[in-house]
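Colleague: Thanks for sitting down with me. Could you put the model up so that I can ask about the terms?

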Amino acid sequence: MTLSLDDVKRVANLARIEISEDEAQQALMQLSGIFDLIEQMQTVDTADIEPMSHAQDMIQRLREDVVTESDQHMLFQSIAPQVEAGLYLVPKVIE
Amino acid sequence: MQWEIVIGLEVHTQLSTQSKIFSGASTAYGAQPNTQACAVDIALPGVLPVLNYGAVERAIKFGLAVGAKINSPSIFARKNYFYPDLPKGYQISQFELPVVEGGSIKIQVGETEKIVRLTRAHLEEDAGKSLHEDFHGMSGIDLNRAGTPLLEIVSEPDMRSSAEAVAYAKALHTLVRWIGICDGNMQEGSFRCDANVSVRPRGAERLGTRCEIKNLNSFRFLEKAIDFEARRQIEILEDGGSITQETRLYDANRDETRTMRSKEDAHDYRYFPDPDLLPLEISKEWIERVEVMLPELPEARHNRYVEDFGLSSYDASVLIATREMADYFENTVKQLPAQVKLCANWVMGEVSGRLNKEGIEIAQCPVSPAQLAELLTRISDGTISGKSAKDVFDSMWQGEHDGSADAIIAAKGLKQISDDSEIEKLIDEVLAAHSQQVTDYRSGKEKAFNSLVGQIMKASRGKANPGQVNTILKKKLLE
Amino acid sequence: MLNASLKQLAAQLAERKISSLELTKAFLKRIKALNQDLNAFITLNEEMSLAQAQIADKMIASGQAYPLTGIPVAQKDIFCAKGWLTTCGSKMLSNFISPYDATVIERFNQVGAVNIGKTNMDEFAMGSSNETSYYGSVKNPWDIAAVPGGSSGGSACAVAARMAPAATATDTGGSIRQPAALCGISGIKPTYGLVSRYGMIAFASSLDQAGPMAKSAEDLAFLLNVMAGFDARDSTSLQREPEDYACDLEKPLGQLRIGLPKEYFAKGMSNDVASAVEAAIAEYRKLGATIVEISLPNTGLAIPVYYVLAPAEASSNLSRFDGVRYGYRAAQYTDLEDMYKKTRTQGFGAEVKRRILIGTYVLSHGYYDAYYLQAQKLRRLIASDFTEAFKQCDVIMGPTSPAVAFNFGEKSNDPIQMYLSDIYTSAANLAGLPGMSIPVGFGDKNRPVGLHIIGNYFREAQMLNIAHQYQQVTDWHLRAPARLPEA
């Protein structure tokens, strides 16, 4: 699979990273090199292999359904970029 | 051309847990902004999710109630997109191996019954809320709702009209409240529908391109939005255009749907298994425990009401609208097993009407099933007339005389006069005072009879048993 | 005092020969003298450190001391510490005063250890040279022209330069072991799940694991005793009986079988590293160990697999940095989308952005199966290589890094060369196995060489024993950089 300039721009947009034409060109070069390395993976037949998502073969532990947290919004919002009336402010959200 | 509308619904039900699905913050509705958004909910760097037992158990309950398969293991996945009410930049949801797979729900539209198949139901976390009041041209974000457990119930595209979609949504709404996994409060957003709508020429097999409509927070909006959207799509197709697959928002004020800009990344959510959460295993023992907890389901009750009680299918459907109503009805019947129809009529009529008028739930009904049964007993044994019973019910509702039917009947003197000699005495008095009418009747004027009955009832202040009055009066006039 | 082991320091504190306050001040003085040149610390907070020292002194006075009470520990700036600036080496968190403590921090606080400062690191732990830190790179105390390794370069440098007796670190693909090797100190990455990840800013969740850095294996054992343990707030935390990692230190090695993977010794390793590692293995022979040649046939796949899985998880983990609730927000923007883009473009450095792009791509529509899924399958192959190998040996040894510390700028423009620094270390993260690095001599330009020890799951105590026995007969771990003022 070869990476295209459009791929780079599309992915940058998905990741909300601004990328100029020059930067996209440069990124394409670097990423293509990295993907050449990654392509080695395609040489192995993995048809019968179970994917491994976790380093340990364990099952999910469950939390009891009880409220353990108390209100800390003053502390949390003391480090927020912009708040008002207990709300985090962001540029107008258009649905 | 004849068009067929094809509808599938995705319903988000908020599960009625105390705490959030991945954190120990409260899920109570209506708190001050962000006071129930803990470190995990606001996605501080370094925080991690731990799954809530109660959320999983509710999902299992649902799965069993719709006859679905409970997957074990079940896997949590991240759905990646940017939105200010989504603090982590991804929603923890399920993609492959949802907790519930398959199952079905029976719906009834008019006289027709239909089975709607379910694709799946998966656990996920809710997002926060963007408040669009103007803060110097900015929006405010409240993350109290972020992390509230949701069960997203996805149907197959089995519905063919907005009426079927509404019937399905209502059946689902009844069921989730019935089994106690969701409070069903649509105003508070506990039960939210998205509709996938497409149209195709009648008889065609291939599905048309669908649009997903969001923000349908009432059954009425669901119906109107589907109707609007189907019309919109048909118009485009009839004009030779084509439908673009997209997410649309229903605007209730304008009764129309429009493109949702915020869903432009919807085609690429980059789902992958959440490395912070391990495979969820649901043991056979757990499933068996939940099965035992499950109440008799609406469908089973419906059938029992029809078969055992001899009620009409319509009456049975009305009585199972909520589990509380059905329980109320059955508790009334228990005390008065011979008068099922009378009990049903009163629960559907007087009781429901009064609850609606007062805007309260049956759980808060001031007249208990036992009290109601006492009242209905007095109708059936002829102590009071149906008409007086309504007055007695009103007094019971107000809590007069401790809500005892007998005490109210006695105090108000509503007891019917059923003693033959007493009625004869009354009749004799009335006949003596109205000799003209007696003469008229005897000379063939039938109408005079009714006038005499009226006079007798009036003289008894409505308490004389009308049946007995009729019989005795006829006898007297023939003398 | 600054060269003392943790055991010695604890004894001096217990005997009241020194107070924690004095000890803390002494290390702070050394940090202030050296940090200008070495840049090992991003944040010092003298007031908070001294306050903790005073609490420790009270604990000691009242007989409530633990082995690490009163001992200063440098904390990698990836751990959230309440009231401390916690940057993760990024501009994105340049104003982030953490409102909560990571479990690791909490556990050190509970035993009365002193947080001496937050150490520099590659941005979001993405790097092998510390050159990606927004706060400037850390210098290798043995040679300031050389990188200290990464991503825990600040912690490694702080211990090597005797600015702290011990430090915490994290390891996603080698970030504890590689800088430990390059700075001539000891470091251990435990079995995945042994140390809680709660409050440790995530890079790649299924690979990240915290561990300690110190001069010796013995010190590591005491540190691991504090760090390891079940945490209900981390779903991947292991529920096991607490273990004393120091209890086996003095055991003779006995019939130890050391596996040497032929793939590690084939090519790619520089000669100076090879001879130091071979000398260390010869030392183990003398201690009675037997050497077994083993094979890890999928070694070559570790880097490709790692550079799919780690960026994929990272691309998602780093989405929370959006300028809404905390951290950096761009000063100027036109609308919401622009705010996101400007914030993330300005807040993240080049390497972080590069990995976000790789990760986003491999997860994106149509590529998932070819990259992410394939990588997860190969991950299982790599892990089963180890399972097979451990049937023939007790531990696996090899070089930690293919070469000694390289110079600044040498690899920073060539990401692939940089990524290959992790060639021996990343497989242990993929398998979830414990790995450690101990100093075993010096190579070119007199720069340190590290020996890599990979153990089977939960065999940390055994690994520490193996390392300790070596350190009883050698003194590489006691060497300090001569160019620095004497400690």
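Colleague: What share of the 479 residues of chain B counts as buried?

Modeller: In chain B, 56% of the 479 residues count as buried. Buried means under 20% relative accessible area, exposed means over 50%, and partly exposed is in between, with a 1.4 Å probe and protein chains only. Before we go on, this is a predicted model, where local features need pLDDT of at least 70 and side-chain atom pairs count only at pLDDT 80 or more, while totals for chains, interfaces and linings use all residues. Residues are numbered from 1 along each chain as its sequence is written, chains are lettered from A and ligands numbered from 1 in the order in which they are written, and side-chain values use heavy atoms, with hydrogens and water left out.

Colleague: Why is chain B called more spread out than a compact globule? And how many helices and strands does chain B have?

Modeller: Chain B has 15 helices and 16 strands; helices (H or I, at least four residues) and strands (E, at least two) are DSSP runs, numbered from the N terminus. The radius of gyration of chain B is 30 Å, well over the 23 Å from the globule rule for 479 residues, so chain B is more spread out than a compact globule. That radius is taken over C-alpha atoms, and the rule is 2.2 Å times the number of residues to the power 0.38. Along its principal axes, the C-alpha trace of chain B spans about 95 × 55 × 55 Å.

Colleague: What makes chain A more spread out than a compact globule?

Modeller: Chain A has 3 helices and 3 strands, in the order α-α-β-α-β-β from the N terminus on. For its 95 residues the globule rule gives 12 Å, and the radius of gyration of chain A is 23 Å, well over that value, so chain A is also more spread out than a compact globule. The C-alpha atoms of chain A fill a box of roughly 55 × 45 × 25 Å along the principal axes, and 45% of the residues in chain A are buried.

Colleague: Which domains does chain B have?

Modeller: The assignment gives domain 1 (3–286), domain 2 (296–412) and domain 3 (420–478) of chain B; such bounds come from an automatic or database domain assignment. The C-alpha centres of domain 2 and domain 3 of chain B lie 35 Å apart.

Colleague: From which domains does the lining of the second largest pocket draw at least three residues each?

Modeller: From domain 1 and domain 2 of chain B. On a 1 Å grid over the protein atoms alone, a pocket is an open set of points with protein on both sides within 12 Å along at least five of seven lines, a cavity is a set where a 1.4 Å probe fits but cannot get out, and lining residues have an atom within 4 Å of a point. The second largest pocket holds about 1600 Å³ of space, and of its 46 lining residues the closest to the centre are Lys170(B), Thr174(B), Ser317(B), Ile320(B) and Ala321(B). Helix 2 of chain B gives the most to this lining, with 9 residues.

Colleague: How many cavities of 30 Å³ or more does the structure hold?

Modeller: There are 7, and the largest cavity has a volume of about 140 Å³. Among its 19 lining residues, Val40(B), Asp41(B), Lys88(B), Ile92(B) and Glu125(B) are the closest to the centre. A volume here is the space filled by probe spheres set on the grid points, which are joined across faces, edges and corners.

Colleague: Why is Ser20(C) called buried?

Modeller: Ser20(C) has 0% relative accessibility, so this serine counts as buried. Ser20(C) is in helix 2 (residues 20–38) of chain C. Beyond neighbours within four places in sequence, Ser20(C) is in contact (heavy atoms within 4.5 Å) with Leu13(C), Ala53(C), Ala56(C), Asp57(C), Gly70(C) and Val114(C).

Colleague: Is Arg16(C) buried or exposed?

Modeller: At 54% relative accessibility, Arg16(C) counts as exposed. Arg16(C) sits in the loop between helix 1 (6–14) and helix 2 of chain C, with a positive phi of about 60° although it is not a glycine.

Colleague: What makes Ala85(A) exposed?

Modeller: Its relative accessible area is 60%, so Ala85(A) is exposed. Phi of Ala85(A) is positive too, near 50°.
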